[in-house]
Amino acid sequence: MPTSKWRDDTLRPTAISAIGLRKAYGAEVALDGIDLRVPAGSVFALLGPNGAGKTTAVKILSTLITADAGDLRVGGHDLAVASQAARGTIGVTGQFSAVDGLITGEENMLLMADLCRLPRREGRRVTAELLERFDLTEAAKKPAQSYSGGMKRRLDLAMTLVGAPQIIFLDEPTTGLDPRSRHNMWQVIRGLVAEGATVFLTTQYLEEADELADRIAVLDDGRIAAEGTAEELKRLVPGGHVRLRFAAPTAYRSAAAALRDAAPDDEALTLRLPSDGSQRELRSILDRLDTVGIEADELTVHTPDLDDVFFALTDRGEPHRSHTSKETGR
Ligand SMILES: Nc1ncnc2c1ncn2[C@@H]1O[C@H](COP(=O)(O)OP(=O)(O)OP(=O)(O)O)[C@@H](O)[C@H]1O
């Protein structure tokens, strides 16, 4: 479910935009001329497999490295001439944590407040507020190396927020976290957007993009394979179907004769019919079976999800079905 409340993207000011963004490392082209626009106050997910170019895009847009080509604007500033000003509007949390394990969580925060040149009293106030918000007050006086993975990630993000950035880059914010910590992090991200921040995140998790992002760009091999809302992307791939399985070959043959539009699999004794999975369509299929007096031994409904989109667009073979497909057995 998208995180922000805005309905019409075109009315919103642009927080981040890239036209023709290109970057090569020697002969290796990491980004091959990508275009993207992120409206202010929204969550944008750059989704892609390992090596697709996600981190390179984050590094460039957050001014850590420069692009070879492209018109790039962040927080209203042109990166070619005003990267310092752009830097003042952003915060970055990368795959490699900025947390110093030898000092406490609180000391890490105060150090960051000093780096952001906050007056001492203000630094203490912001530190206390963020530690509280990220549920780290109790652990504040313990060395950060004693924190769990989820706590370290929250501290890292809290440190990023010390300077109150309007635009937040999160490079794979939940990679390596357990499901509970991942859900906590999602809540934190939703909270930031509710307060008006713009979030640009990269992820390898389809579910994460589906849960958080207003818009998703699928990056593959340095190019944007598709871009849109989760719903728009799901509409790009056909694949909704109903699968009927029969235990007895005679029942299977009779059903195949009755449902001539179904794709048969004689070995598995299954029939597959295109369907949007709606109750009306399911009823009509079952009614047609009823008219010939046959009942399927198993009925499964499959609706396309981001897995289908991702695998169709990035050409990586069959998706893993264990977590995200909606299969209903009977
Ligand atoms: N400093 C570098 N020098 C040479 N090649 C690099 C460098 N950084 C990245 N690359 C290459 O550029 C391509 C894109 O890398 P990038 O790290 O941006 O991808 P990614 O989508 O973030 O992957 P991951 O999820 O593994 O972090 C890869 O082929 C990578 O090997």
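**Exercise 1. How do the residues of the shell around the ligand divide into nonpolar, polar and charged?**

Solution. Start with the ground rules. This is a predicted model, where local features need pLDDT of at least 70, side-chain atom pairs count only at pLDDT 80 or more, and totals for chains, interfaces and linings use all residues. Residues are numbered from 1 along each chain as its sequence is written.

Step 1: list the shell. Tyr25, Glu28, Ala30, Gly48, Asn50, Gly51, Ala52, Gly53, Lys54, Thr55 and Thr56 surround the ligand. A residue is near a molecule if its C-beta atom, placed from the backbone, lies within 6 Å of it.

Step 2: find the elements. Strand 2 (28-39) and helix 1 (54-61) each give two or more residues to this shell. Helix 1 gives the most, with 3 residues. Both are DSSP runs numbered from the N terminus: helices are H or I with at least four residues, strands are E with at least two.

Step 3: sort by class. Ala, Val, Leu, Ile, Met, Phe, Trp, Tyr, Cys and Pro count as nonpolar, Asp, Glu, Lys and Arg as charged, and the others, Gly among them, as polar. The shell then has 3 nonpolar, 6 polar and 2 charged residues.

**Exercise 2. Describe how helix 3 packs on helix 4.**

Solution. Step 1: take the axes. Helix 3 (residues 105-115) and helix 4 (residues 120-133) lie with their axes 9 Å apart, at an angle of about 135 degrees. Axes are lines fitted to C-alpha atoms, for helices over the stretch in contact, and angles run from 0 to 180 degrees between N-to-C directions.

Step 2: name the arrangement. Angles under 35 degrees count as roughly parallel, over 145 as roughly antiparallel, 65 to 115 as roughly perpendicular and the rest as oblique. Helix 3 and helix 4 are therefore oblique to each other.

Step 3: list the contact. Gly105, Glu106, Met109, Leu110, Ala113 and Asp114 of helix 3 meet Gly123, Val126, Thr127, Leu130 and Leu131 of helix 4. Contact means C-beta atoms, placed from the backbone, within 7 Å. By class, there are 6 nonpolar, 3 polar and 2 charged residues.

**Exercise 3. Work out how helix 5 lies against helix 3 and helix 6.**

Solution. Step 1: helix 3. Its axis is 9 Å from that of helix 5, at about 25 degrees. The two are therefore roughly parallel. Gly105, Asn108, Met109 and Met112 of helix 3 meet Leu155, Ala158 and Met159 of helix 5. This contact has 5 nonpolar, 2 polar and no charged residues.

Step 2: helix 6. The axes of helix 5 (residues 149-161) and helix 6 (residues 179-194) come within 10 Å and cross at roughly 15 degrees. Helix 5 and helix 6 are therefore also roughly parallel. Gly149, Gly150, Arg153, Arg154 and Leu157 of helix 5 touch Ser181, Asn184, Met185 and Val188 of helix 6. The classes here are 3 nonpolar, 4 polar and 2 charged.

Notes
Two residues are in contact if their C-beta atoms, placed from the backbone, lie within 7 Å.
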